[in-house]
Amino acid sequence: MKAKDVPQDDANMLQGKLREPIYSLDENGNYTTVQSVGWNPKNEVMKEAWDQVNEKVEHARNKVLSGEMSPLGYYIEKNIMDIGLVAKYMGIWRWTVKRHLKPNIFARLKEETLEKYAQVFNITKEQLIDTNLIKTEK
Amino acid sequence: MDQPIEFQHKQSAHCENGVVSNLLRYYGINLSEPMVFGIGSGLFFSHMPFLKVGGIPVTSFRPLPGIIFKRTSRRLGISFARKKFRNPKKAMEALDNNLNQGIPTGMLVGVYNLSYFPDAYRFHFNAHNLVAFRKENNTYQISDPVMEGYEQLTYDELLRVRYAKGLFAPNGHMYWVKNIPKNIHLEAAILKGINQTCKDMLTIPIPLFGVRGIRYLSRKVRNYPRKLGVRKAASYTGQIVRAQEEIGTGGAGFRFMYGAFLQEAAQILNKPDLRDLSIELSGIGDLWREFAVITGRIVKNRNSLDESYDKAADLLLVIADREEAFFKKLKLAIS
């Protein structure tokens, strides 16, 4: 690729936090780097990956709001985690996490356990148990 | 070792090369990112359908995390001290100890909780590298190779990312330069690096790796829409392009970066052939970019059946042939 052809298709993927160096050839055939803000095909595949994440989050939100699943399920998807990863962070078995996805069991959890879950998701314990938040959060 | 006052940060495309390059520069050894990448044989290809991340098979354009680092230091004869800790507090203490002695220290971290990262890149990927070089008022000065400037992390933030969990969990892993030999044999290291890359791309007797891996992926992609349905087929194919173009590759799955390495190597080894090959590799990189363009279209029309899968698969076969010829020539050029 020629340096002058390095694409600059900004889809705000990098949020202005950085530009990526792309190796390319200058007019004398020497390699150089050009800072790029993005490229359409790449933006497209990244958007698709995030659409999938967001779909899962929506699905989880509905299940929590209809009372089929505890808020835990929502925050797992929201943080792009799965049961295995949460279990590792918590230092407990997978099946225990799975059990905590049931609303009636979640409601009986000890304060410390809730606190620990909240820490994993980087929120407070109060936020974790408040389903109203899940309703309004974007 | 003489200690210059400040740690000089230079942005790189890929974190592992970048950290090595930045750390060595601090000790007066100037190696560019492509140089580190080439000596460490960073260029690779693998497609592993049985290994899934987020439910999607892994395609990778590089060896496993940590390998470039290991090979580069071995080939240059530079020794690194490395340590892991079970106790997070101890890990932070050890870091503070190093910084008090003025030793810039590299660390493995998870990116999900890196506050300065763009949201779109915050996945649970745990093999990211960065360097801390100073601590002031409970805040660490950070040189993160993929960022343009210096960054900062608080004690709590740094502890959190050093103890990310999941695949490649870093467990507080940290490393720093221990010893640099008086004479560095750059030529020999470059030759070793190139040799291994040729070998990796051409001769691994398992069809998932190197050019055989590309052909294997081509067969898979051709069957994706029939086997998986439109939606899943689009995700699977999109994932290949994400591995190829996401932060850290320098474009076209490291092919451009490797070209830059060959060009530098041509001068150091005084082998003009390598310069021609470096330009040829840029052309192969362009084919990979074309593959990304086709995939971008497939993904954009993901809800309807797309005829482009055949086109994408055909292109992969062309790329495999071109790369096979290329690495055979490269092998000859250095022998």
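From the N terminus on, the elements of chain A follow the order β-β-α-α-α-α-α-α-α-α, so that two strands and eight helices make up the secondary structure of this chain. The model is a predicted one. Along its principal axes, the C-alpha trace of chain A spans about 70 × 30 × 25 Å. The radius of gyration of chain A is 21 Å, whereas a compact globule of 138 residues would have a value near 14 Å. Of these 138 residues, 33% count as buried. Among the contacts of chain A with a separation of 6 or more, 46% are accounted for by residues 24 or more positions apart.

One backbone feature of chain A concerns A:Ile80, a residue other than glycine whose phi is positive, near 50°. A:Ile80 lies in the loop between helix H2 (71–78) and helix H3 (83–90) of chain A. With 16 other C-beta atoms within 10 Å, A:Ile80 is classed as partly exposed, because the buried class requires 20 or more such atoms and the exposed class 12 or fewer.

Chain B contains eleven helices and eight strands. Its C-alpha atoms fill a box of roughly 60 × 45 × 30 Å along the principal axes. Buried residues make up 50% of the 335 residues in chain B. Of the contacts in chain B between residues at least 6 apart in sequence, 68% join residues at least 24 apart.

The domain assignment divides chain B into domain 1, which comprises residues 15–30 and 79–179, and domain 2, which comprises residues 186–334. A distance of 30 Å separates the C-alpha centres of domain 1 and domain 2 of chain B.

An open sheet of six strands is present in chain B, with the strand order E3-E8-E4-E5-E6-E7 and antiparallel pairing. Strand E3 (79–83) and strand E7 (151–154) of chain B form the edges, each pairing on one side only. On average, neighbouring strands of this sheet are turned by 40° against each other, direction ignored.

The pairing around E8(B) can be described by residue. E3(B) and E8(B) run antiparallel and are joined by five bridges. B:Ser79 has B:Asn179 as its bridge partner in E8(B), and B:Lys83 has B:Met174 as its bridge partner in E8(B). E4(B) also pairs with E8(B) in the antiparallel sense, over two bridges. Here the bridge partner of B:Met107 in E8(B) is B:Met174.

Helix H1 (residues 15–26) of chain B lies across strand E4 (105–109), strand E5 (128–136), strand E6 (139–143) and E8 of chain B, and runs at about 40° to E5(B). H5(B) also packs on the sheet, where it touches E4, E6 and E7 of chain B. The direction of H5(B) makes about 90° with that of E7(B).

B:Phe168 is found between helix H5 (155–162) and strand E8 (174–179) of chain B. Phi of B:Phe168 is near 60°, a positive value in a residue other than glycine. B:Phe168 is partly exposed, with 17 other C-beta atoms within 10 Å.

The interface between the two chains was then considered. In the model, 41 residues of chain B are in contact with 32 residues of chain A. The elements that contribute two or more residues to the side of chain B that touches chain A are helix H8 (230–245), helix H9 (255–269) and helix H10 (272–300) of chain B. H10(B) gives the most to this side, with twelve residues. By class, the side of chain B that touches chain A has 17 nonpolar, 15 polar and nine charged residues.

Key: Residues are numbered from 1 along each chain as its sequence is written. Chains are lettered from A and ligands numbered from 1 in the order in which they are written. This is a predicted model: local features need pLDDT of at least 70, side-chain atom pairs count only at pLDDT 80 or more; totals for chains, interfaces and linings use all residues. Two residues are in contact if their C-beta atoms, placed from the backbone, lie within 7 Å. Helices (H or I, at least four residues) and strands (E, at least two) are DSSP runs, numbered from the N terminus. Ala, Val, Leu, Ile, Met, Phe, Trp, Tyr, Cys and Pro count as nonpolar, Asp, Glu, Lys and Arg as charged, and the others, Gly among them, as polar. Domain bounds come from an automatic or database domain assignment. The radius of gyration is taken over C-alpha atoms; the globule rule is 2.2 Å times the number of residues to the power 0.38. Two strands pair if DSSP finds at least two bridges between them. Axes are lines fitted to C-alpha atoms, for helices over the stretch in contact, and angles run from 0 to 180 degrees between N-to-C directions.
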